[in-house]
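This briefing is for a reader meeting the structure for the first time. It goes through surface, fold, salt bridges and a pocket in turn.

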Amino acid sequence: MHAGILSLQCPLCRNSQEFLVDMFTMGIRIPFRLPSWEENDAFAELGERHRRCDASECLFPGGREEAEEEGPWELLLCSSCAAEGTHRCCSGLRDSITRWECDNCAFLGTGKRQSTLVTLCLAAGAQGGLGRA
């Protein structure tokens, strides 16, 4: 019994009150504890935000794991799945673009492609910022 009394429910109707009464009536003892999968923060990573650039070639001098709050090195997450991210500069996105969609979501039709413009981000251009739309 990994679920414990606080999470146990009928597998068919998902009713927990009647199910627990029936289990008790039949003599099945259910431990009063939290579910075992909630111990030791087993699912803590589900609450974390994606924090890396997934562009095929990351151009940021600090690397894929670093980003700035705004500007060419701001990390944008996919507006459909939030499971992939890119620095503006690495995907050739202007500062005026506020939404971006990863290739997987764009090709699945979950939304429209936000930018088809591909620009070169040279070191000199990155220091001065990207061109405005």
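Phe-32 is exposed, with a relative accessible area of 67%, where exposed means over 50%, buried under 20% and partly exposed in between (1.4 Å probe, protein chains only). The model is predicted: local features need pLDDT of at least 70, side-chain atom pairs count only at pLDDT 80 or more, and totals for chains, interfaces and linings use all residues. Residues are numbered from 1 along each chain as its sequence is written, and side-chain values use heavy atoms, with hydrogens and water left out.

**Overall fold**

- The protein has three helices and two strands; these are DSSP runs, with helices being H or I of at least four residues and strands being E of at least two, numbered from the N terminus.
- Read from the N terminus, the order of the elements is α-β-β-α-α.
- Of the 133 residues in the protein, 28% are buried.

**Phe-32 and its surroundings**

- Phe-32 is located in the loop between α1 and β1.
- Its C-alpha atom is 5.2 Å from that of Ile-5, although Phe-32 and Ile-5 are 27 residues apart along the chain.
- Together with Leu-6 and Leu-34, Phe-32 forms a nonpolar patch on the surface, and the three have about 370 Å² of accessible area together.
- Patches are built from residues with over 30% relative accessible area and no salt bridge, joining like charges within 9 Å and nonpolar side chains (Val, Leu, Ile, Met, Phe, Trp, Tyr) within 5 Å.
- The accessible areas come from the Shrake-Rupley method with a 1.4 Å probe, and for residues only the protein chains shown count as cover.

**Another contact across the sequence**

- Ser-91 lies in the loop between β2 and α2 (103-108) and is partly exposed at 25% relative accessibility.

**Positive phi angles**

- Arg-14 is not a glycine, yet it has a positive phi of about 65°.
- Arg-14 is placed in the segment before α1 (17-25) and is exposed, with a relative accessible area of 57%.
- Ala-82, also a residue other than glycine, has a positive phi near 60°.
- The loop between β1 (75-77) and β2 (85-87) holds Ala-82, which is partly exposed at a relative accessible area of 38%.

**Salt bridges**

- Three salt bridges are counted, each being a side-chain nitrogen of Lys or Arg within 4 Å of a carboxyl oxygen of Asp or Glu.
- Arg-52 and Asp-54 form one of them, at 3.2 Å from N to O.
- Both partners are partly exposed: Asp-54 has a relative accessible area of 26%, and Arg-52 has one of 30%.
- Arg-52 also meets Glu-65 in a salt bridge, at 3.1 Å from N to O.
- Glu-65 and Arg-52 both lie in the loop between α1 and β1, 13 residues apart, and the pair links distant parts of the chain.
- Glu-65 is exposed, at a relative accessible area of 52%.
- Glu-74 is paired with Arg-88, and their closest N and O atoms are 3.0 Å apart.
- This pair also links distant parts of the chain, with Glu-74 in the loop between α1 and β1 and Arg-88 in the loop between β2 and α2, 14 residues apart.
- Glu-74 is buried at 18% relative accessibility, and Arg-88 is buried with a relative accessible area of 4%.

**The second largest pocket**

- The second largest pocket holds about 180 Å³ of space.
- On a 1 Å grid over the protein atoms alone, a pocket is an open set of points where a 1.4 Å probe fits, with protein on both sides within 12 Å along at least five of seven lines, and lining residues have an atom within 4 Å of a point.
- Grid points are joined across faces, edges and corners, and the volume is the space filled by probe spheres set on the points.
- Its lining includes Arg-49, His-50, Arg-51, Glu-65, Glu-74 and Leu-75.
- By type, the lining residues are two nonpolar, one polar and seven charged; Ala, Val, Leu, Ile, Met, Phe, Trp, Tyr, Cys and Pro count as nonpolar, Asp, Glu, Lys and Arg as charged, and the others, Gly among them, as polar.
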